[in-house]
Amino acid sequence: MTRLTKITDTAIAGTTAPSLTRAQTTRLRTRLERDLESELAHTRDISRQMASFLESRRDTATDDEHDPEGPTLAFERAQAHAILRQTQLHSIEISTALQRLTDSTFGTCVRCKSAIGFARLEARPSTPYCIRCAS
Ligand SMILES: [Zn+2]
């Protein structure tokens, strides 16, 4: 959380994105910070859930192939792992967007360097691509 606070302070001191007004930038920054908080909380929840899967497995010493609960547990674990991976990737995407706010490259497509429209950013604040490059 210390790291997040540090990024936030720098972002506030930073300039607005070239294609966006200060109000729009502030609004998107707030969204990104809130999204990051929620993704990090989600990551913690899933990690806890996965730890409890491991624990329940150890406690009962089950074997996926013979225990009727086994396949269900294995499936749930695989699913939790996939969600965890997705959540972590999204957290990285959001952190990178916050970094772009700090160095004033936010709102500019990382591929073709054209401006990303506010409507698109509002729909998906962490996107690094304009609509053309994303499709
Ligand atoms: Zn582009």
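These are legends for several close-up views of a predicted model.

**View 1**
Going along the sequence, the pattern reads α-α-α-α-α. Of the chain's 135 residues, 17% count as buried.

The protein chain comes out with a mean pLDDT of 83, and 76% of its residues reach 70 or more. Confidence is lowest in helix α1, residues 2-13, with a mean of 46. At the other end of the scale sits helix α4, residues 118-123, where confidence is highest, at 96. Over residues 5-15 the pLDDT stays under 50, and for that stretch the model has twelve contacts beyond four places in sequence.

**View 1. The largest nonpolar core.**
Eleven residues make up this core: L28, L32, L36, I94, A97, L98, L101, F106, I116, L121 and C130. Which elements give two or more residues to it? Those are α2 (22-60) and α3 (70-102). Helix α3 gives the most, with four residues. As background, nonpolar side chains tend to be buried together in soluble globular proteins.

D35 is found in helix α2. Is D35 buried or partly exposed? It counts as partly exposed, because it has 19 C-beta neighbours inside 10 Å and being buried takes 20 or more. Leaving aside neighbours within four places in sequence, D35 is in contact with I94, P125 and S126. I94 also belongs to the largest nonpolar core. Look for S91 in this view as well: S91 and D35 are 56 residues apart along the chain, yet their C-alpha atoms are separated by 8.2 Å.

S56 has its place in helix α2. With 12 C-beta neighbours inside 10 Å, S56 counts as exposed, because the cut-off for exposed is 12 or fewer.

A78 is found in helix α3. How many other C-beta atoms lie within 10 Å of A78? There are 10, so A78 is exposed. M50 is 28 residues from A78 in sequence, and the two are 9.4 Å apart in space, C-alpha to C-alpha.

**View 2. Two residues with positive phi in one loop.**
If you're checking backbone torsions, stop here. Most residues other than glycine have a negative phi. S104 isn't a glycine, but it has a positive phi of about 65 degrees. Its place is in the loop between α3 and α4. S104 counts as partly exposed because it has 14 C-beta neighbours inside 10 Å. K113 is found in the loop between α3 and α4 too. K113 is likewise not a glycine, and its phi is positive, about 65 degrees. Around K113 there are 10 other C-beta atoms within 10 Å, so K113 is exposed.

How values were computed: Residues are numbered from 1 along each chain as its sequence is written. This is a predicted model: local features need pLDDT of at least 70, side-chain atom pairs count only at pLDDT 80 or more; totals for chains, interfaces and linings use all residues. pLDDT is the predictor's confidence in each residue, from 0 to 100. Two residues are in contact if their C-beta atoms, placed from the backbone, lie within 7 Å. A nonpolar core is a set of buried Ala, Val, Leu, Ile, Met, Phe, Trp, Tyr and Cys residues joined through C-beta atoms within 7 Å.
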